[in-house]
Amino acid sequence: MKNTLVSIDWLKNNLQDPNLIILDASQQVNQANVSPEFAGIQIEGAGFFDIKNNFSDSSNPLPNTFPDPKAFAIAAQNLGINTTSKIVVYDSLGIYSSPRAWWLFQIMGHENVWVLDGGLPAWVKADFPIEKISPNTFTPGNFESNFNPSMVKNTADVLANIKSKTAVLIDARSNDRFLGLTPEPRAGLRSGHIPGAINIPYTDLVQNGYFLSKEKLKAILPNQETALIFSCGSGITACIDYLAYEIIGSSNDRSVYDGSWTEWGQSESLPIEKSN
């Protein structure tokens, strides 16, 4: 399996694989302004990949900050995940927070992870097995983190890149937010974008809970020859753009500015650009 996405049919046909782990990475509160239609249910046998509490650094005031690798390993072990596990992550909006879970496993060195294209809505529509959300218990796994720091950027890295232009920074927020034409959903944040960034709204890359085809993604995504840094509001939808470049087979070095606009927009000392 070289693809980064799997279909609901593939997952249905592989449910009996003893190495398969299904993870629900849904967020009940999200910045997509969409109320999850499928709250209260999950794919049968799924574990809950709790981005907010178990798979973020809760000591950091910024939301969704990537966790300490040891803490990540313990949380993954508690979900029954082994070093040999094949992991499929999904969310209740189709494609929203599941790419974040996928990316976290990538930076922790686990490559056998895929995103369920269409997510829970497609699964339910196909009348495949579901259950009420309940705390499933798992035999502890032996997952180990092998953290790759090159896949994460901080404010100092992004500030230096404004001058060096070593990488292209891609902002996954809406165009109105990128241009500073609308207030940020989080209080206390300035409007605008990081100087030199380009805007590829994540909503342009998905349709009805599915990623666009590889051919359509290639037509949308700029063919950059430099490294790529992805940003958004709080590090969630940046991973959608990141995954889209993975889908088209991009060979660019890629990383996520994990603090994203929540960090950049609240600091008066950091430069911003707006629409004229």
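Helices in this tour are DSSP runs of at least four residues, numbered from the N terminus. The model on screen is predicted.

**Stop 1: the end of helix H3**

Select Gly109. This glycine follows H3, and its phi is positive, near 90°. Now step back to H3 itself, residues 98–107. How many of the residues of H3 are buried? The count is 10 of 10, so the helix is mostly covered, with buried meaning under 20% relative accessible area. Among the buried residues are Ser98, Arg100, Gln106 and Ile107.

**Stop 2**

Two packed helices are described by the angle between their axes and the distance between the axes.

**Stop 3: Ser56**

Next, select Ser56, in the loop that runs between strand S4 (47–48) and helix H2 (69–78). Is Ser56 buried or exposed? Its relative accessibility is 8%, so Ser56 counts as buried. Leaving aside residues up to four places away in sequence, Ser56 touches Ile51, Asn64, Thr65 and Pro67. Draw a distance from the side chain of Ser56 to the backbone oxygen of Ile51: the value is 2.5 Å.

**Stop 4**

Most residues other than glycine have a negative phi. The last two selections have a positive one.

Select Lys165, in the loop between helix H5 (155–164) and strand S9 (167–171). Lys165 is not a glycine, yet its phi is positive, at about 55°. Lys165 has a relative accessible area of 62% and is exposed.

Finish at Asn208, which sits in the loop between strand S11 (206–207) and strand S12 (210–211). Asn208 is not a glycine either, and has a positive phi of about 55°. Where Ser56 counts as buried, Asn208 counts as exposed, at 71% relative accessibility.

Methods:
Residues numbered from 1 in each chain as written. Predicted model: local features only at pLDDT ≥ 70, side-chain atom pairs only at ≥ 80, totals over all residues. Heavy atoms only, no water. Buried < 20%, exposed > 50% of the residue type's maximum accessible area, 1.4 Å probe, protein only. Polar contact = N/O pair within 3.5 Å; in protein donor to acceptor, adjacent residues only side chain to side chain. Contact = heavy atoms within 4.5 Å. Axes fitted to C-alpha atoms, helices over the stretch in contact; angles between N-to-C directions.
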